[in-house]
Amino acid sequence: METPNISIEFFPPKTPEGAEKLRVARQKLAQLQPKYFSVTFGAGGSTQQGTLDTVLEIQSEGHAAAPHLSCVGGTRESIRAILREFQSHGIRRLVALRGDLPSGYGGAGELRYASDLVEFIRTQTGDWFHIEVAAYPEMHPQAKSPQDDLQNFARKVQAGANAAITQYFYNPDAYFQFVDNARKLGVDVPIVAGIMPITNYTQLMRFSDMCGAEIPRWIRLKLASFGDDSASIKAFGLDVVSQLCERLLAGGAPGLHFYSMNQAAATTAIWQRLHGSPAA
């Protein structure tokens, strides 16, 4: 198989030890030659400085990096200032999201939706940024209906998004159906499949409950049957996710976006399966 177009996501480390571990992981993942690395933020944009620091470190190593930008809790002025700072550092790509409200937080901010944020970025910066937005093949957990969710996605693209990254999923049919439905609405941007490697059953269940990603019953039962046998969980996870990636690419997915959890091993192993050879 031809080398797939991939991108890899990190979260900003909170400690010096975490920062060092991420550097080691990033060095290994850079060998896969991703198109770019993206860096998330905390609820309400709470790690925005950590996000920028991590992005700048990635750029200094010679790699393309995209900060995530949330509009939740922000004002137009605060977001304008962040955009100016990104531009001053030569950042050309970002991931624009509504973001999650921090617990106990009252208001949503001056820009309520990701489509408002995308539109604001375009009015402020023209075509400076390549803007990625989120897509939800299995529906955003707060959406009223699949149709409503799809319309929200289309609005983000109409506002000026260049491409989309999906929430992770393990049912490829959900992805292909979503792409087909988006195309019927006139959405023509690349919709890159988000991929979550399976390495820890408890952690995966917790994440999936929070974000609304469905874990098919056969995968859940198999993972539960391994108990604390982490080697078996990782081996099974590698098989399942590699096969998912192969099917997605064979079906026309324009690329894969790996949620790395700041770890290199699982993403590298999947890449090697897809590529048919060890990473250089």
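Y175 is buried (under 20% relative accessible area, with exposed meaning over 50% and partly exposed in between; 1.4 Å probe, protein chains only), with a relative accessible area of 2%. The model is predicted, local features need pLDDT of at least 70, side-chain atom pairs count only at pLDDT 80 or more, and totals for chains, interfaces and linings use all residues. Residues are numbered from 1 along each chain as its sequence is written, and side-chain values use heavy atoms, with hydrogens and water left out.

Aromatic rings of Phe, Tyr and Trp (its six-membered ring) were paired if their centres lie within 6.5 Å; planes under 30 degrees apart count as stacked, over 60 as edge-to-face and the rest as tilted. Y168 belongs to strand β6 (residues 163–168) and Y259 to strand β8 (residues 256–259), 91 residues apart; helices (H or I, at least four residues) and strands (E, at least two) are DSSP runs, numbered from the N terminus. Y168 is buried at 3% relative accessible area, and Y259 is buried at 13%. The rings of F169 and Y175 are stacked, since their centres lie 5.6 Å apart and their planes are at 10 degrees. F169 is buried, at 1% relative accessibility. Ring pairs also join Y168, Y170 and Y259 into a cluster.

Charges over rings were assigned where NZ of Lys or CZ of Arg is within 6 Å of the ring centre and within 35 degrees of the ring normal. R92 sits over the face of W128, 3.8 Å from the ring centre, and R206 over the face of F207, at 5.4 Å.

Nine salt bridges were found in the whole structure, each a side-chain nitrogen of Lys or Arg within 4 Å of a carboxyl oxygen of Asp or Glu. In the bridge between E132 and R93, the closest N and O atoms are 2.6 Å apart. This pair links strand β5 (residues 130–135), which holds E132, to strand β4 (residues 93–97), which holds R93, across 39 residues. E132 is buried at 3% relative accessibility, as is R93 at 14%.

D173 and R247 form a salt bridge at 2.7 Å, N to O. D173 lies in helix α6 (residues 172–184) and R247 in helix α9 (residues 230–250), so the bridge ties together parts 74 residues apart in sequence. D173 is partly exposed at 43%, and R247 is partly exposed at 42%.
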